[in-house]
Amino acid sequence: MSLDMDESVADGAAEPMPPPPSPPHRIGSDAEAIAAAQAVARIFAAGAAERDRDRRLPWGEIAAFTDSGLGGLTVPRAHGGAEVSYATLAEVFTILAAADGSAAQIPQNQFGVLALVAVAASPAQQARIYRDVLAGHRIGNAGPARNGKAITRVETRLTSGPAGPRLSGHRFYSTGALFAHWIPTRAVGPDGGPLLVFVRRDAPGVRVVDDWQGFGQRTTASGSVIFENAPVEADLTIDLAPLAGHPGLFGPISQLIHAAIDAGLARGAVAAALDFLRTRTRPYPFTAETVAEDPHILGEVGRLTVDLHAAEAVLARAGRTLDRIAAAPVTAQSAAEASVAVAQAKILTTEVALEASERLLELAGASATRDGYNLGRFWRDARVHTLHDPVRWKYHLLGNHALNGVLPARHQWN
């Protein structure tokens, strides 16, 4: 297959492989998951500003995430996992993103893939994938192609031959692939049908290139994955065609985590603003003796706190809605309810992430713009991450549902 690469990608060197996994801790409850997230967040927070400024990838931080057992949070209890609630999953990602939005986004795709595995994989495939995750294997992602065509257009192809199935294609927006042991990607099968294909990160013909150049989320390594006749295990090819006629929750689950990352960015920005105001900011002349007495700042902090708590409350409600819906057979109506609940959360978390990161700089003042503090990373991360899924379409989804009773389309962005 001829690959249409950017020159920089074609000439780029493949990145180093992640080290072999070691058995991580096994988390057994929702409370333990929250405690583990808080412990890992402290590791994420240490040096977050410097990593962003120097664009130093968080290898050690991601290893700490894996070692903590957080990677297996949604693995079913029947397979040895924690199977935490979706409300807990959202809070875990909020906690992590408040510490470092880039590091928190890296494992996001693992949970989106596991949600798809839960409804599309065979029992044998599920057992294999869950076992690997609980053993410390990380799942990455090979995202949409960067070719100017519709995001749903898939040109990555799986072919069959005497030596077994082979995968060829060029993908981008591949958050997590650099740190992964498995890289799943959507592909077109020999018969033209849609597939989810799991490929080993260290397989021949797989190249991961760290060519992500976004001004925010700088250390997510969300760049290119190139498959050149890469061998694929036939029993780890999942047929996605049956999903077309069956409602599911894999889209809302993926979107819930994105919303949680935005909420975390807002939470981190508010915490940074309060710390800077208490320790470094001077009051505007002739307004008050101290920042703590400045009526304008007090009003702005109060409004920002309310907006953050409102977004977090709607996010938590969306998680509980998914928990309730997942406890019964999912119908078209209940899947739509899940999409609506998550869309409401996504709107509020998007808005508060942008608001909080902007207000952080406005309230803290000119000194907050110094490179040494690197407080601008909160706005850059929020601006870039919230562009992954344009929030304007969430308003359209909600309005069309409320006014016309139209059920949201079922896909990974709803």
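Good morning. A cavity here is a set of points, on a 1 Å grid over the protein atoms alone, where a 1.4 Å probe fits but cannot get out, and lining residues have an atom within 4 Å of a point. A volume is the space filled by probe spheres set on the points, which are joined across faces, edges and corners.

This is a predicted model, in which local features need pLDDT of at least 70 and side-chain atom pairs count only at pLDDT 80 or more, while totals for chains, interfaces and linings use all residues. Residues are numbered from 1 along each chain as its sequence is written, and side-chain values use heavy atoms, without hydrogens and water.

Of the 25 residues lining the largest cavity, F65, G71, G72, Q110 and V133 are the closest to its centre. Helix α4 (59-68) gives the most to this lining, with 3 residues; helices are DSSP runs of H or I, at least four residues, numbered from the N terminus. The lining comprises 12 nonpolar, 11 polar and 2 charged residues, with Asp, Glu, Lys and Arg counted as charged, Ala, Val, Leu, Ile, Met, Phe, Trp, Tyr, Cys and Pro as nonpolar, and the others, Gly among them, as polar.

I turn now to helix α7. Residues 108-120 form α7, and 11 of its 13 residues are buried, that is, under 20% relative accessible area with a 1.4 Å probe, protein chains only. Among them are Q110, F111 and G112.

Finally, the second largest cavity has a volume of about 90 Å³. A99, D100, G101, R377 and D381 are the closest to its centre.

Definitions and conventions
Helices (H or I, at least four residues) and strands (E, at least two) are DSSP runs, numbered from the N terminus. The expected span of a helix is 1.5 Å times one less than its number of residues. Buried means under 20% relative accessible area, exposed over 50%, partly exposed in between (1.4 Å probe, protein chains only). On a 1 Å grid over the protein atoms alone, a cavity is a set of points where a 1.4 Å probe fits but cannot get out, and a pocket is an open set with protein on both sides within 12 Å along at least five of seven lines; lining residues have an atom within 4 Å of a point.
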